[in-house]
Amino acid sequence: MTETPATTPAATPVFPPGRYGRRREQRRRRPWVVALAVAVVLAAGVMIAYSEWQKYGDPAYDAQVISYTDISDIGIVVHFRVNVPENGGATCAVRARNRAGATVGSAEVPVSGIPGGDPVTVDHRLVTTERPFIGEVLRCRANS
């Protein structure tokens, strides 16, 4: 008596020609393409982060709003303090918004540093197109 195995060894299946379409060859992996793509994405991220830091993140020109007063239908006075390097200069972007949050006035305010490098206090009258609700300092940066 001979035994017939119930299972056949695993092998690549053989399909009738033309019945299931063309079989694709297995593609070669290209790890250098993935590594290059990752390197490009990282480089772009670093460049974007650096440019944004230059615009908004320099602590040498940190500004803080002290108060805003004299609110009228045509303007607001914004009192703010900014750190400016000794005898240096800065330009601060100041804006006013209405109750709905829309910008109703903005200006670029030049600020000069003082000897000793102490923070500079600035009072700026900002002209608006309608009654403002709040005055803000968006950013300060070094004079170009």
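**Disulfide and surrounding strands**

Analyst: The structure holds one disulfide. Please note that this is a predicted model. The bond joins C92 to C140, with an S to S distance of 2.0 Å.

User: Where do C92 and C140 sit in the chain?

Analyst: C92 is in strand β3 and C140 is in strand β6. The pair links distant parts of the chain, 48 residues apart.

User: What is the handedness of the link between C92 and C140?

Analyst: The link of C92 and C140 is right-handed, with 110 degrees about the S-S bond.

User: Are C92 and C140 buried or exposed?

Analyst: C92 is buried, and C140 is buried as well.

User: What about the largest nonpolar core: how many residues does it have?

Analyst: The largest nonpolar core has 18 residues. Those with the most contacts inside it are F80, V82, V84, C92, V94, V111 and V137.

User: Which strands each supply at least two residues of this core?

Analyst: They are β2, β3 (89-97), β4 (103-112), β5 (120-127) and β6. As a general point, nonpolar side chains tend to be buried together in soluble globular proteins.

User: Now the sheet. What is the strand order in the open sheet of three strands?

Analyst: The order is β4-β3-β6, and the pairing is antiparallel. The edge strands are β4 and β6, each of which pairs on one side only. Direction ignored, neighbouring strands of this sheet are turned by 20 degrees against each other on average.

User: How many bridges join β3 to β6?

Analyst: Eight bridges join these two antiparallel strands, β3 and β6. One example is R97, whose bridge partner in β6 is I134.

User: Changing topic: how are β1 and β2 connected?

Analyst: A hairpin joins β1 to β2 through two residues. Strand β1 covers residues 63-72 and strand β2 covers residues 75-82; they run antiparallel and are joined by seven bridges. Within this pairing, A63 stands opposite V82 in β2.

User: What is the phi of D70?

Analyst: Phi of D70 is near 50 degrees, which is a positive value in a residue other than glycine. For context, most residues other than glycine have a negative phi. D70 itself is found in strand β1.

User: Why does D70 count as exposed?

Analyst: D70 counts as exposed because its relative accessibility is 53%, and the cut-off for exposed is over 50%.

User: And N143, where does it lie?

Analyst: N143 lies in the segment after β6, which spans 134-142. Not counting residues up to four places away in sequence, N143 touches G89, A90 and T91. The C-alpha atoms of N143 and C92 are separated by 9.5 Å, although the two residues are 51 apart along the chain.

User: Why is N143 counted as partly exposed?

Analyst: N143 is counted as partly exposed because its relative accessibility is 41%. That value falls between the limits of 20% and 50%.

User: Last one: what is the mean pLDDT of the protein chain?

Analyst: The mean pLDDT of the protein chain is 82, and 85% of its residues reach 70 or more. Confidence is highest in β2, at a mean of 90, and lowest in β6, at 86.

Note on methods
Residues numbered from 1 in each chain as written. Predicted model: local features only at pLDDT ≥ 70, side-chain atom pairs only at ≥ 80, totals over all residues. Heavy atoms only, no water. Pairing = 2+ DSSP bridges. Helix = DSSP H or I, 4+ residues; strand = E, 2+ residues; numbered from the N terminus. Buried < 20%, exposed > 50% of the residue type's maximum accessible area, 1.4 Å probe, protein only. Contact = heavy atoms within 4.5 Å. Core = buried A, V, L, I, M, F, W, Y, C linked by side-chain atoms within 4.5 Å. pLDDT = per-residue confidence, 0-100. Axes fitted to C-alpha atoms, helices over the stretch in contact; angles between N-to-C directions. Disulfide = S-S within 2.5 Å.
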